[in-house]
Amino acid sequence: MKEFGQKHNKVTKNNTISPPEPVLRVSPWWLSPGASVTLSCEVEHVSAGWSFYWYKAVPDLSHKSGSYSYELLPASSNGTADNSYIIHGQTHTAGYVCRAGRGEPHFYTLYSQPHFVWSGDLHPSASLSVSPDRVQHFTSDSVSLSCEGNSAEWRVSRFLLPDFLSFCSDWGTMNGSTCHVQKIQSSNAVYWCESGSAFSNAVNITGHYDDELLLLSPVHPVTEGHSVTLGCKLRTENLLSKVFFYQNDTIIQSESRVEMIIPAVSKSHEGFYKCQSSGKESPQSWLAVTSTSRPDSSSFPVLVVALTSVVLVIFLFMMWFLYKRSRGEKYYY
């Protein structure tokens, strides 16, 4: 296990060139059901003979500023000739790291910076809730990010898109399992909780200036069949004139109310939403919809046992049938 730590200089005190630091790319960033995750490790001045090593980043909470230890992924102990690695069946938020090596004795690059693939789905072992519960916030808003799950110690992480990782201790105040943020930065960022053994669901939060119009939409995915309310808000006005709501740039409601209610959400409601009012247009936010048809992972072993039993019964019946037939015995139903 290797600890994520400090930056390295290109040239050491002995005027020797330090190992290069590879760049890890992760695709996709956000998990969807059944999708595979592809890791790509890029090395400067790449040439033949490199082997690539792939690691899972494990949160190390002993360092309050934020660090990770690294665990080799399966089939990576001897390295891979290909600089890409595919992960199947990833369902939770996770962090990954890569490095490369070549020659005898082996010369290794530095470890890459950790990169993440995020899941918005809530999980019992670790979950993140946001108050106020919405994607878009004014920069003057205070926001609370609370961690829940099977851990007594947490830290809240933020990945400022496109490429900057930091922790609550850098931009907020961690009080127990809650990170309090006095002012949201004007940016698009992903937040999640980390314990010593787990990552929570991730949420996307955007900060906007006080003179902008905001769309009020839930920060978590909405389950099919549930209702959802979308709102439209100016910082200085409680009552807006005629409000227009859009889904994927197509107008879907034009009324005097500042809210739009979808009583029973379906997959067709998933998409980008925005609102217009008082000569202003809000930024758009993604409304995710979780399908109820996805099989429950806890019921999967039961299903496998049931199907195996049926196949076994059919197999035994066929063996009995062939045995009787070989002896020329008659049988009746």
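Cys41 and Cys98 are both buried (under 20% relative accessible area, with exposed over 50% and partly exposed in between; 1.4 Å probe, protein chains only). The model is predicted: local features need pLDDT of at least 70, side-chain atom pairs count only at pLDDT 80 or more, and totals for chains, interfaces and linings use all residues. Residues are numbered from 1 along each chain as its sequence is written, and side-chain values use heavy atoms, with hydrogens and water left out.

A disulfide (a pair of cysteine sulfur atoms within 2.5 Å) links Cys41 to Cys98, with an S to S distance of 2.1 Å. The link is right-handed, with 75 degrees about the S-S bond of Cys41 and Cys98. Cys41 belongs to strand 2 (residues 37–42) and Cys98 to strand 6 (residues 94–102), so the pair ties together parts 57 residues apart in sequence. Strands (E, at least two residues) and helices (H or I, at least four) are DSSP runs, numbered from the N terminus.

The structure holds 4 disulfides. Cys147 is joined to Cys193, S to S 2.1 Å. This link of Cys147 and Cys193 is left-handed, at -85 degrees about the S-S bond. Cys147 sits in strand 11 (residues 143–149) and Cys193 in strand 16 (residues 188–194), so parts 46 residues apart in sequence are tied together. Cys147 is buried at 3% relative accessible area. Cys193 is buried at 0%.

Cys168 and Cys179 also form a disulfide, with sulfur atoms 2.1 Å apart. The S-S torsion of Cys168 and Cys179 is about 95 degrees, so this disulfide is right-handed. The pair ties helix 1 (residues 168–171), which holds Cys168, to strand 15 (residues 178–181), which holds Cys179. Cys168 is buried at 2% relative accessibility, and Cys179 at 0%.

In sequence order, the bonded cysteines pair 1-2, 3-6, 4-5, 7-8.
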